[in-house]
Amino acid sequence: MKKLLVPTDFSDTSKIAARFAVQMAADIENAKIILIHVSDKITGGSDGSPLTEDDDDRRLILTQALSQLKEELLPFGKVPIEFDIEKGSSLVETLTRYVRHQAIDMVIMGITGATRLEQIFMGSNTLDMAKESICPVLIIPPNAEYRKIKNVVLASDFKEVDTTIPEAPLKATLDLFKPTLHIVNVDHEHYVELTDDYKAERAKMEIMLKEYKPEFYFIRQYDFFDAISQFVADKNIDLLVIVPKDRSIVSGLFKTSHTKKLAYHSHIPIVAIHE
């Protein structure tokens with residue numbers, strides 16, 4: 001059974017991601033949702049004072065909240081929904097440990113972009129999790145509305161693809177959706193014609209992903225983000241796959257200046273899959 005982990009802090013952002021996850025899981029064969037809340041202490045009041053100091057009381061309150069959230073999600077898809085509570089001061093470290101121990105297939109998290117302050121505080125955990133190499137992380141943009149994932153685009157630089165493309169987790173992700181696969185390269189350096197190196201790397205990728213019958217595209221454009229945004233719109237893309245080769249690319253995708261169309265103001269989720 002495919003295990004989809006959905007962290008929640010009961011915010012609107014996390015509820016949007018959870019709703020999307022349930023609808024998506026309903027379209028995946030043999031999948032289940034695990035809601036997880038990571039908490040050190042339950043706080044209330046403007047002074048941040050604990051509502052209760054007793055671990056049992058805290059667990060009871062959280063269990064009731066997760067049970068209510070589960071009930072709210074059930075109408076969105078016929079899919080098993082479980083929930084869990086983990087105690088920890090670091091969300092990312094706790095989730096990483098949980099993913100390893102429970103053999104989670106994908107983590108699904110929301111991100112918000114309503115204000116710069118929200119991006120800093122509410123988006124940071126999602127981006128930090130996406131930078132980890134523990135498993136694919138699906139980032140759900142604000143105001144996302146689920147539609148069946150039929151068209152997926154993989155953004156690649158076509159460099160050393162046999163060692164830099166994470167073949168196993170990429171195929172596992174594609175197998176969840178069985179989509180039409182588009183592979184796009186954005187490069188402003190190839191002004192006149194494609195190089196022999198580029199053609200060789202493309203051939204390697206074509207062999208690697210032959211069962212998905214990928215369609216290849218090359219875009220001669222300087223700005224990666226603008227090019228991908230336009231491609232997503234033109235090809236009716238449902239999901240963008242990125243393979244971050246350094247930790248900054250994930251954060252870069254979510255800088256306000258780059259993502260008006262791509263993330264914060266679109267309904268297109270992004271999945272980060274690491275080497």
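**View 1. Asp105 and the residues it touches.** Leaving aside residues up to four places away in sequence, Asp105 touches Met1, Lys2, Lys3, Cys135 and Pro136; contact here means heavy atoms within 4.5 Å. This is a predicted model, where local features need pLDDT of at least 70, side-chain atom pairs count only at pLDDT 80 or more, and totals for chains, interfaces and linings use all residues. Residues are numbered from 1 along each chain as its sequence is written, and side-chain values use heavy atoms, with hydrogens and water left out. Look for Asp105 in the loop between α3 and β4 (106-110); helices (H or I, at least four residues) and strands (E, at least two) are DSSP runs, numbered from the N terminus. The Asp105 side chain reaches the backbone nitrogen of Lys3 at 2.8 Å. Asp105 and Cys135 sit 30 residues apart along the chain, yet their C-alpha atoms are separated by 6.6 Å. With a relative accessible area of 28%, Asp105 is partly exposed (buried is under 20%, exposed over 50%, partly exposed in between, using a 1.4 Å probe and protein chains only).

**View 2. Helices α3 and α5 where they cross.** Here the axes of α3 (residues 91-102) and α5 (residues 124-131) come within 10 Å and cross at roughly 40 degrees. Axes are lines fitted to C-alpha atoms, for helices over the stretch in contact, and angles run from 0 to 180 degrees between N-to-C directions. That makes α3 and α5 oblique to each other, given that under 35 degrees counts as roughly parallel, over 145 as roughly antiparallel, 65 to 115 as roughly perpendicular and the rest as oblique. On the α3 side, Leu91, Val92, Leu95 and Thr96 make the contact, and on the α5 side it's Asn125, Asp128 and Met129. Sorted by class, that gives 4 nonpolar, 2 polar and 1 charged residues (Ala, Val, Leu, Ile, Met, Phe, Trp, Tyr, Cys and Pro count as nonpolar, Asp, Glu, Lys and Arg as charged, and the others, Gly among them, as polar).

View 3. Most residues other than glycine have a negative phi. You'll find Phe158 in the loop between β6 (151-155) and α6 (161-164). Phe158 is buried, at 4% relative accessible area.

**View 4. Lys213, another positive phi.** Lys213 isn't a glycine either, but its phi is positive, at about 50 degrees. Lys213 belongs to the loop between α8 (196-208) and β8 (215-219). Its relative accessibility is 67%, so Lys213 counts as exposed.

Definitions and conventions: A polar contact is a pair of N or O atoms within 3.5 Å; within protein, one must be able to donate a hydrogen and the other to accept it, and residues adjacent in sequence count only if both atoms are side-chain atoms.
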